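Below is a short briefing on a single protein chain. Please read it alongside the sequence and the model.

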Amino acid sequence: MAGTEHEVNRSARSGRFVQESTAERDPKHTTTEHVGGDKSGGDQEVHRSASTGRFVTETTTELHPSTTETQKK
């Protein structure tokens, strides 16, 4: 899918999407993710809490499958 690559910014505290200006103003508490584009990076996955949106470890996902979700990068 050409042309679908872009970056999104998330609050590290809440897991919600934030504007680029927020990420620039508060880099310690935001993350920038590269999404879309070429999928040749393999089957990389990230795990999130379904209630908070925060990243969690794979172990947390295994212990709490009903309250976490796994996403392909």
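The protein chain has two helices and six strands, where helices (H or I, at least four residues) and strands (E, at least two) are DSSP runs numbered from the N terminus. Along the sequence, these elements follow the pattern β-β-α-β-β-β-α-β. The model is predicted: local features need pLDDT of at least 70, side-chain atom pairs count only at pLDDT 80 or more, and totals for chains, interfaces and linings use all residues. Residues are numbered from 1 along each chain as its sequence is written, and side-chain values use heavy atoms, with hydrogens and water left out.

**Whole chain**

- Of the 73 residues in the protein chain, 22% count as buried; buried means under 20% relative accessible area, exposed over 50%, and partly exposed in between (1.4 Å probe, protein chains only).
- The accessible surface of the protein chain comes to about 5,700 Å², with areas taken from the Shrake-Rupley method with a 1.4 Å probe; for residues, only the protein chains shown count as cover.
- Carbon and sulfur atoms account for 50% of that surface.
- Among contacts in the protein chain with a separation of 6 or more, 41% are between residues 24 or more positions apart; a contact means heavy atoms within 4.5 Å.

**Salt bridges**

- The structure holds two salt bridges, each defined as a side-chain nitrogen of Lys or Arg within 4 Å of a carboxyl oxygen of Asp or Glu.
- One of them joins the side chains of glutamate 33 and arginine 10, at 2.9 Å from N to O.
- That pair links distant parts of the chain, with glutamate 33 in strand 3 (residues 30-35) and arginine 10 in strand 1 (residues 6-11), 23 residues apart.
- Glutamate 33 is buried, with a relative accessible area of 18%, and arginine 10 is buried, at 11%.
- Glutamate 33 also forms a salt bridge with arginine 48, where the closest N and O atoms are 3.0 Å apart.
- Glutamate 33 lies in strand 3 and arginine 48 in strand 4 (residues 45-49), so this pair ties together parts that are 15 residues apart in sequence.
- Through shared partners, the salt bridges join Arg10, Glu33 and Arg48 into one network.

**Charges and rings**

- The charged end of arginine 10 sits over the ring of phenylalanine 17, 4.0 Å from its centre; a charge sits over a ring if NZ of Lys or CZ of Arg is within 6 Å of the ring centre and within 35 degrees of the ring normal.
- Arginine 48 has its charged end over the ring of phenylalanine 55, 3.9 Å from the ring centre.
- Arginine 48 also stands opposite phenylalanine 55 in strand 5.

- Three strands form an open sheet in the order 5-4-6, with antiparallel pairing; two strands pair if DSSP finds at least two bridges between them.
- The edge strands are strand 5 (55-56) and strand 6 (68-72), and each pairs on one side only.
- Strand 4 is joined to strand 5 by two bridges, and the two run antiparallel.
- Strand 4 and strand 6 pair in the antiparallel sense over five bridges; there, valine 46 has glutamine 71 of strand 6 as its bridge partner.
- Strand 4 is mostly covered, with four of its five residues buried.
- The hairpin of strand 4 and strand 5 has five residues between the strands, and in this hairpin glycine 53 takes a positive phi near 85 degrees.
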